[in-house]
Amino acid sequence: MAEQFSLLLPVWAGDRPDFLTEAFRSSVQDQIRRPDHVVIVRDGPVPPALEATITRLAAESPVPVDVLELDRNDGLGPALDAGLEACAHDVVARMDADDLSLPHRFAVQLPIIESGVDLVGSGLQEFGDDPDEIVGLRTPPVDAHDIAVRARFADPFNHPTVVYRRDLVRAVGGYSDFALMEDYLLWAKMLVAGARVANVAEPLVKYRVGAGAYARRGGLGQLRAELAVQRRFRELGFTSRGQFARNVVVRGGYRLVPESLRRMAYRRVIATYGG
């Protein structure tokens, strides 16, 4: 039986109005199976042009849109947790304000959720300035066993592609305020709780790779976040002592190497690339 679902789209001051317009239209107007409700989370004050774009998109949308205006920018995790509370439906699809959904995205993912799965993601295509010029293809593990194995070392889901059941997300504590690693920690908590998970290998989202993407994956801030999430995984019983040690050495070291090596390591070890 077809279920209704909400689209959850956070926006902050650093987002561009034209990118947001493209992201919204690709995920609503252009979808074969449209969301039944949209929640735009305005994560803190935004520039006037972006505010006007949010207002226009909500007014012109063919489906109901609620704009949740947060007084300050507290980060992605708290913004998404607040947005989940505003969603009208238990099934929630994620989208970022600078990416593009392919037209058949929800027509593919929603039947998987309706079959009894709690969390489903997909592959994605990376692009730079031109959405038609693909620079990378990120293909996730597909079946539940491979996802569970991969999750002990690296994030098995492409966050901008996921659709999940809100009740289970809330039951495990939501995203929480765990900067830079909030999605990875959430998937771990859901797996520990017995979530039924799947991925679609096919890319259903086009992901914008901006300037400095690999630089942002390194540095002391990222290292601290990496070590913190690995300690949390041990506390949850999600990883073994051996897996913890491996992850600290490999993933922690990855945060400190030069950007050129980080780019190579990300594509060969941390993420799953193909094509």
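Is the crossing of H1 and H2 left-handed or right-handed? The crossing of these two helices is right-handed, meaning the near helix is turned clockwise from the far one by less than a right angle.

## Before you start

This is a predicted model, so local features need pLDDT of at least 70 and side-chain atom pairs count only at pLDDT 80 or more, while totals for chains, interfaces and linings use all residues. Residues are numbered from 1 along each chain as its sequence is written, and side-chain values use heavy atoms, with hydrogens and water left out.

Helices (H or I, at least four residues) and strands (E, at least two) are DSSP runs, numbered from the N terminus.

## H1 against H2

Helix H1 covers residues 17-27, and its axis comes within 9 Å of the H2 axis, crossing at roughly 20°. Axes here are lines fitted to C-alpha atoms, for helices over the stretch in contact, with angles from 0 to 180 degrees between N-to-C directions. That angle makes H1 roughly parallel to H2 (under 35 degrees counts as roughly parallel, over 145 as roughly antiparallel, 65 to 115 as roughly perpendicular and the rest as oblique).

On the H1 side, Pro17, Leu20, Thr21, Phe24 and Arg25 do the touching; their partners in H2 include Leu50, Ile54 and Leu57. Contact means heavy atoms within 4.5 Å. By class, this contact has 7 nonpolar, 2 polar and 3 charged residues (Ala, Val, Leu, Ile, Met, Phe, Trp, Tyr, Cys and Pro are nonpolar; Asp, Glu, Lys and Arg are charged; the others, Gly among them, are polar).

## Strands

S2 (residues 37-43) and S3 (residues 65-70) run parallel, joined by 6 bridges; strands pair if DSSP finds at least two bridges between them. Val41 sits opposite Leu68 in S3. To get from S2 to S3 the chain goes through H2 (residues 48-60), a right-handed β-α-β crossover: with the strands pointing away from the viewer, the path from the first strand over the helix to the second runs clockwise.

S6 (residues 119-127) and S7 (residues 134-138) are antiparallel, with 4 bridges.

## H8 and its neighbours

H7 (residues 182-192) and H8 (residues 220-236) have axes within 11 Å, crossing at roughly 10°, which makes them roughly parallel. Their contact has 7 nonpolar, no polar and 2 charged residues.

The axes of H8 and H9 (residues 241-254) come within 10 Å and cross at roughly 170°, so this pair is roughly antiparallel. Among the contact residues are Leu223 and Arg234 of H8 and Phe244 and Arg251 of H9.
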